[in-house]
Amino acid sequence: MTYQGLIQRYGRYLDLPDHTKTISLLEGNTPLIPMPRLGRQFGCELFVKFEGANPTGSFKDRGMTAAISEAAGRAVQTVICASTGNTAASAAAYAARAGLRGIVLIPEGKVAVGKLAGAIAYGAEVIQVQGSFDDALSLVVEITQKTPIALVNSINPFRIEGQKTGAFEICDDLGSAPDWLCLPVGNAGNITSYWAGFKQYQKGLPQILGVQAAGAAPLVLGHPVEKPDTIATAIRIGKPARGEQALDAAHESNGRIIAVTDEQILAAQKILSAEGVWVEPASAAGLAGLLAESAAGRFEAEGKRVVVVCTGHGMKDPSIITESFRSPKIIPSTYNALLDAIKL
Ligand code: AN7
């Protein structure tokens, strides 16, 4: 049978109500790409879980198929979320698929162009809030408490159910859980989901390295950040909704949550691109964290199996690349000009 999406494949492991009506774009089933050249640097067996291969270009589709399927099954008419971009694009696509009205709130001017374009293309009503993601999240929480609009941020428990499938796929591909799982942490839904998924699947437990951006690192600092700031706009979040659970996951797994600078994030993004894997900046945070811990002698990688979760596609945030690189050369359309240009 051809692949039919996450609820069809893993629904028996997901705590979804009976009324759930599957809405799928055949999300999930993403590649676990071996990274032998990079792994040799650490002496470990390294893999990238490439979540950019999901239908809307990020891991958010895993949770969104579950949240929208639940909402659609109880005749909800309108769904809403706050988002740094990827949740917005995903909610927009699944709402469209389900025939629901989709409303997304984003922080004004702080969403990467590929995500904004996605949300608009899928037909969501996009509203820019003069404030941070955290301010936008407070607004959607309030409106969903006072009206019948359904919330599809990862506060919604069905989002977590769907996102557990990332852990299931990794276990199915490797035959067991890896020794380490490295991933970015923003609102902390994904780290919470992975840990729940590994615990439930009973194929072993990884140590978890959660990575925040230094300018938006409430879980490392131990207090909310009022004005979060990072080039990795996806994780520009100062008050993570599932912060406590993220800390529990790190602690219980004998792992940790660390912060890396924007420079370290961009360097890790380049390293991945040089291996043919283009991810958006936030998605490179997991590798940046691994590199930082390894350089500091805090990561014993020898002989270990390590999975780095790359949460979103590079095409989500093309301006990061085009702004920092010189424009391509322009030549007359002659053979000699071409030879000149490539300096053979
Ligand atoms: C590429 O879209 O919060 O810790 O509103 O887009 O589960 O929040 C995005 C988060 C990592 C962090 N990588 O995951 C949103 C949003 C990418 C992301 C994260 C996000 P969580």
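Trainee: How many helices and strands does the secondary structure of the chain come to?
Mentor: The model is predicted, and its C-alpha trace spans about 65 × 50 × 50 Å along the principal axes. Over that trace, the secondary structure comes to 15 helices and ten strands.

Trainee: What share of the residues in the chain is buried?
Mentor: To count as buried, a residue needs a relative accessible area under 20%. Of the 344 residues in the chain, the buried ones make up 57%.

Trainee: Of the contacts with a separation of 6 or more, what share comes from residues 24 or more positions apart?
Mentor: Ala-150 gives an example of contacts away from sequence neighbours: with those within four places left aside, the residues in contact with Ala-150 include Arg-74, Val-76 and Ile-80. For the chain, residues 24 or more positions apart account for a share of 72%.

Trainee: How many disulfides does the count come to?
Mentor: A disulfide needs two cysteine sulfur atoms within 2.5 Å. For Cys-44, the closest cysteine sulfur is in Cys-182, at 8.5 Å, which is too far for a bond. Cys-182 in turn has Cys-44 as its closest, also at 8.5 Å and too far. The count comes to zero disulfides.

Trainee: Are Cys-44 and Cys-182 buried or exposed?
Mentor: Cys-44 has 11% relative accessibility, and Cys-182 has 0%. The limit is 20%, so each of these values falls under it. Cys-44 and Cys-182 both count as buried.

Trainee: Which parts of the chain does the salt bridge between Lys-49 and Glu-169 tie together?
Mentor: The closest N and O atoms of Lys-49 and Glu-169 are 2.6 Å apart. The two residues are 120 residues apart in sequence, so their pairing ties together strand β2 (residues 45–50), where Lys-49 lies, and helix α8 (residues 165–174), where Glu-169 lies.

Trainee: Are Lys-49 and Glu-169 buried or exposed?
Mentor: The relative accessible area of Lys-49 is 0%. That of Glu-169 is 2%. Both residues are buried.

Trainee: In which helix do Lys-146 and Glu-142 lie?
Mentor: The two form a salt bridge, with 2.5 Å between the closest N and O atoms. Lys-146 is exposed at 63% relative accessible area, while Glu-142 is partly exposed at 38%. They are four residues apart, about one turn of the helix, and both lie in helix α6 (residues 133–146).

Trainee: Which residues make the nonpolar surface patch of about 640 Å²?
Mentor: One of them is Leu-339, found in helix α15 (residues 335–342). Leu-339 counts as partly exposed, at 31% relative accessibility, and a patch residue needs over 30%. The patch is made by Ile-331, Tyr-335, Leu-338, Leu-339, Ile-342 and Leu-344.

Trainee: What distance separates the C-alpha atoms of Ala-150 and Gln-4?
Mentor: Ala-150 is in strand β6 (residues 150–151) and counts as buried, with 7% relative accessibility. Gln-4 and Ala-150 are 146 residues apart along the chain, and their C-alpha atoms are separated by 25 Å.

Trainee: What distance separates the C-alpha atoms of Phe-325 and Ala-246?
Mentor: Phe-325 sits in the loop between α14 (319–324) and α15. At 45% relative accessibility, Phe-325 counts as partly exposed. Ala-246 is 79 residues from Phe-325 along the chain, and the C-alpha separation is 36 Å.

Key: Residues numbered from 1 in each chain as written. Predicted model: local features only at pLDDT ≥ 70, side-chain atom pairs only at ≥ 80, totals over all residues. Heavy atoms only, no water. Buried < 20%, exposed > 50% of the residue type's maximum accessible area, 1.4 Å probe, protein only. Patch = residues over 30% accessible without salt bridge, like charges linked within 9 Å, V, L, I, M, F, W, Y side chains within 5 Å. Areas by Shrake-Rupley, 256 points an atom, 1.4 Å probe, with all protein chains shown as cover. Salt bridge = Lys/Arg side-chain N within 4 Å of Asp/Glu carboxyl O. Contact = heavy atoms within 4.5 Å.
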